[in-house]
Each structure stands twice: as C-alpha cells, then as structure tokens.
Amino acid sequence: MTIDLRSDTVTQPTDAMFEAMRRAPLGDDGREGDPTVVRLEALAAERTGKEAGLFVVSGTMGNLVALLAHTGRGGEVIAEAGSHILRSEMGGIAGLAGLFHRAVPGERGAMDVETVREAIGPALMPNRLATALLCMETTHNDAGGAVLPLAHMRAIHALGRANGVPVHTDGARLFNAAIRLGVDAAVIAAHSDTITFCISKGLSAPVGSLLAGPRDFIDRARAYRRMVGGNLRQAGVIAAAGIVALGTMVERLGEDHATARRLAEGLHRIDPGLVDPAAVETNIVQMDTRGFGRPAAAIAADLRSRGVLAGVWSKWVMRMVTHRHVGAQEIDDALEIVGGLWRGLAGSG
C-alpha cells in the first residue's frame with residue numbers, strides 16, 4: 001500500500017459529497033447565477049464574517065483576482081518573502097496583475113511589523129511606488145504550516161488602516177489555523193479586509209477556493225475572475241461538495257494535526273536533527289535530510305521506492321502533509337520505512 005504524504009490536496013470526496021453533487025440544483029453562474037454556487041458563496045461569507053463570497057477554481061486564482069480587485073493593476077504589494085503568492089504562483093503578481101512586490105523577511109511567516117511600517121509608501125512619489133496592498137498568509141506554507149498569531153495579524157491590519165492600504169490574507173488552510181488557535185475562522189478573518197480559503201485540501205472537496213470580503217470588492221473580483229478565464233457555468237456540481245466540506249469536515253482537521261505530531265515525534269526519535277516537533281503546529285511536517293547525507297530529492301526517491309510519497313521543498317528539506325486518508329497506522333508504517341532508510345544510510349556512515 002502506498003502512503004501518500006505529498007499534500008492534503010490528494011484527499012478524495014466523501015460519499016456525502018458525491019451525493020450532494022448528484023442532487024445539486026444547477027444554473028449558469030456567469031449569467032443568472034447557479035443556485036448551489038450562490039449557497040456556497042453565502043456560506044463562505046458567513047464563515048469568515050464578510051459581506052460576500054466568490055467561488056474560484058483555485059487558491060492561486062483567488063489570490064490573483066484579489067490582487068487585481070484591490071489594486072487595479074498598479075502599485076507595490078508588500079508580502080512575506082516566502083509567501084505562496086511570491087513563491088508558488090508563477091509570477092502572476094507581476095505577469096498578470098501588473099504589480100511590483102516588496103518581499104519582507106519573516107519569522108515563521110510573520111513579517112516584522114516595524115519593517116512593514118517602514119516599507120509602506122502611502123502615496124506615489126517621484127522615486128517610489130505607492131503601497132497598494134499588504135498580504136499575509138496563514139497557515140504559512142513555506143514555514144511548515146505555521147499559524148500567524150492573532151496579535152500579529154491585528155498589528156498588520158492596523159498598519160494598513162492607518163495608511164489607507166487594504167490587507168489581504170491568503171488563508172488556503174484557514175480552518176487549520178482556526179482549529180490550532182481554537183477560534184472561529186471569522187476571528188482570524190476579522191484582521192484582514194479580504195481572505196481566500198481552499199476547500200480542496202484537508203476539507204476534501206474535489207475542486208475550488210473561496211474569496212471573501214466587502215460586497216463591492218467581490219463585485220469587482222467577479223469581473224476580474226472573468227478576465228482571467230475563471231467564469232463558471234453549471235459549477236454547482238462542484239460547489240455542492242464545498243458546502244458539505246464546510247459543514248462536515250472542519251472539526252476533523254484536528255485529527256490531521258494529531259497525526260502530524262505523531263509523525264514529527266517519531267522522526268525526532270529516529271534522530272533529533274530530522275524534525276523539531278515544537279515547530280509542527282498544524283498538518284505539515286518539514287524534514288531536514290542532511291543527516292542522511294543526501295539531498296531531499298534523493299531521499300524522496302528512496303522513500304517512493306518503498307511506498308511512501310513525500311514532497312521536496314528545497315535541497316535539504318522534504319515536506320510531508322497529513323490528511324484524512326492517513327491515520328496512526330499509516331504514520332507508524334511510514335516511520336518504520338524512514339527508520340530503515342536512516343539505519344541503512346546514516347547508520348552506515
């Protein structure tokens with residue numbers, strides 16, 4: 001049996017989702033509206049405490065549309081240096097949104113507030129662009145699923161308000177952050193003008209993300225969604241699964257956090273240099289492969305040949321993500337395989 005730890009995007013829809021998809025009332029989302037999509041968008045707005053929501057096919061599209069709707073293709077965007085918008089979205093911020101970015105180094109995904117304060121240019125000057133948008137990310141992908149503290153988000157949002165600069169949060173795994181903090185997602189979203197979240201990761205829906213914010217912003221975003229080719233038709237077929245996901249799959253995310261801790265603690269027992277369990281806050285585990293004496297890509301290939309799939313994050317870092325198809329037994333089996341590889345490589349040295 002293969003143990004797939006590459007991402008929580010590999011999750012499959014539940015039987016309830018398939019049934020909801022089969023029964024979903026449909027319309028034309030690009031014309032009069034698809035009633036099931038309308039329900040999902042309203043639910044997204046409710047869960048985030050915003051006025052309105054917009055269904056998009058991916059988190060990358062949601063972030064791109066947010067960039068466009070906030071800025072109108074002009075100005076500078078301040079974001080954490082390792083953020084998904086800068087690291088993993090194929091340069092859409094520049095190539096498609098026509099924006100320049102200012103990358104601010106962060107500690108576990110959290111930008112230094114004073115550095116952000118100094119970086120903000122509230123007005124266009126002869127020698128610099130005006131700041132058009134501030135961006136945050138929680139949980140932070142590059143930081144191994146770290147959750148931004150609410151006090152940090154509050155401070156960044158306050159900076160934006162004080163300077164007339166809107167704030168957007170990439171909340172792809174927003175509900176993982178909410179479970180970790182023990183708060184409703186709306187408590188997190190309150191510290192941002194707009195927010196995206198994904199329903200096709202740990203929530204197990206097959207496709208889609210939601211963008212939520214003020215109603216006039218979502219009206220603009222809907223136009224930009226069409227511009228980038230994201231206009232939808234009978235999308236209730238997939239939106240129905242998202243409704244089920246938000247209704248039934250949020251609370252169980254804590255189980256994924258528990259299996260991630262089990263994995264991290266097991267790897268730490270194999271060798272403390274592999275993982276610091278204290279750094280694992282949600283469902284992402286980053287493993288340092290230098291102790292094996294081989295780069296992450298080589299170790300991932302070795303594990304694949306033994307039935308464990310993992311991601312390569314950088315030269316020396318592998319990423320493993322837990323989800324509902326991976327329980328305690330699968331984690332223990334994976335640990336046995338990693339341990340055997342460790343003994344064969346590191347031990348032999």
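Modeller: Val285 has 0% relative accessibility and therefore counts as buried; the word means under 20% relative accessible area, whereas exposed means over 50% and partly exposed lies in between (1.4 Å probe, protein chains only). The model is a predicted one, in which local features need pLDDT of at least 70 and side-chain atom pairs count only at pLDDT 80 or more, while totals for chains, interfaces and linings use all residues. Residues are numbered from 1 along each chain as its sequence is written, and side-chain values use heavy atoms, with hydrogens and water left out.

Val285 belongs to strand E11; strands (E, at least two residues) and helices (H or I, at least four) are DSSP runs, numbered from the N terminus. Leaving aside residues up to four places away in sequence, Val285 touches Ala260, Leu263, Ala264, Leu267, Val275, Val280, Met318, Arg319 and Met320, where contact means heavy atoms within 4.5 Å. For one of these neighbours, Val275, the C-alpha atom is 7.8 Å from that of Val285, although the two residues are 10 apart along the chain.

The strand that holds Val285 is part of an open sheet of three strands, ordered E11-E14-E13, with antiparallel pairing; two strands pair if DSSP finds at least two bridges between them. E11 (284-288) and E13 (311-314) are the edge strands: each has a single partner strand, so one side of each lacks a neighbour in the sheet. From one strand to the next, the twist averages 35°; axes are lines fitted to C-alpha atoms, for helices over the stretch in contact, and angles run from 0 to 180 degrees between N-to-C directions.

E13 and E14 (residues 317-321) run antiparallel and are joined by three bridges. Within this pairing, Ser314 has Val317 of E14 as its bridge partner.

Two helices pack on the sheet. Helix H12, residues 253-270, touches E11 and E14, and its direction makes about 15° with that of E11. Helix H13, residues 296-305, touches E11, E13 and E14, and its direction makes about 45° with that of E14.

Asn176 lies in helix H8 (residues 174-181), and it counts as buried because its relative accessibility is 3%. Beyond four places away in sequence, Asn176 touches Thr139, Leu253, His257, Thr282 and Asn283.
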